[in-house]
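Please read this briefing alongside the sequence and the structure. It begins with one term and then goes through the topics in turn.

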Amino acid sequence: MRGKIKMQAELFGQKYSSRDYTKAKYWGKNQFNSSFPASLVAYMSSKNIKLVYLKTDKNNNLYHDYISGTELFKIDPLSEQAFYNFEAGYSSYEKFYTGDREKIDLVMMNRETEENLCGLEVKLTALPDNTTKKFSEDKYSCEIVMRPPTICFLACSICENYENNKEHLRSLISGIPKINHWETPEEVAPHYKAIENVVLKVAADMCDK
């Protein structure tokens, strides 16, 4: 009679990870929400299945495109050099902080060079959600939760994009009047439309990013 093979708890593709999946705490909801999608990317990549990539054009119209797992992670998800670093600092963004640095959901790293390749906020959600489950499939939607750090990372990605072209960014945001206290709704709310227009201008200008 053959002896039983002891299986070790793990997730597909994550041969090298900051999470030890032999420990129960890394299978909790908050951890699984980011670790499972990362492994799903690795699995789809192994099957040469591209990921649906939502983009906007220069008119801020939404359209569907595709991206490979390697393009998304900036490294082959199954590479021996791929390291999945969860809830970590992302060096490319940290230089824009003056206070405490936020942790990003997933930083893909090269094990050999220790280079930070990309920083990703990861959300695992269901389709449809509770508010659209009774609609027809073409009207299904899903809940998207935005953590406050996610807003910081969006701002950092904009800063990084214009790091060598600050004057162009200044011209794009020139439509926002001077606001001294952004934490005060009474001071910000009257300028909502101007802020929205600037956000759309920046989004259109960065659409190829």
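A polar contact is a pair of N or O atoms within 3.5 Å; within protein, one atom must be able to donate a hydrogen and the other to accept it, and residues adjacent in sequence count only if both atoms are side-chain atoms. This is a predicted model, in which local features need pLDDT of at least 70 and side-chain atom pairs count only at pLDDT 80 or more, while totals for chains, interfaces and linings use all residues. Residues are numbered from 1 along each chain as its sequence is written, and side-chain values use heavy atoms, with hydrogens and water left out.

**Gln 14**
- The side chain of Gln 14 reaches the backbone oxygen of Ser 35 at 3.0 Å, and a polar contact of 3.0 Å also joins it to the side chain of Ser 39.
- Gln 14 counts as buried, because its relative accessibility is 6% (buried means under 20% relative accessible area, exposed over 50%, partly exposed in between, with a 1.4 Å probe and protein chains only).
- Leaving aside neighbours within four places in sequence, Gln 14 is in contact (heavy atoms within 4.5 Å) with residues including Tyr 21, Ala 38 and Phe 86.

**Nonpolar cores**
- A nonpolar core is a set of buried Ala, Val, Leu, Ile, Met, Phe, Trp, Tyr and Cys residues joined through side-chain atoms within 4.5 Å.
- The largest nonpolar core has 20 residues, and among the members that touch the most others are Ala 38, Phe 73, Tyr 84 and Leu 106.
- A second, separate core of nine residues includes Ala 88, Tyr 97, Met 109 and Cys 156.

**Phe 12**
- Phe 12 is partly exposed, with a relative accessible area of 40%.
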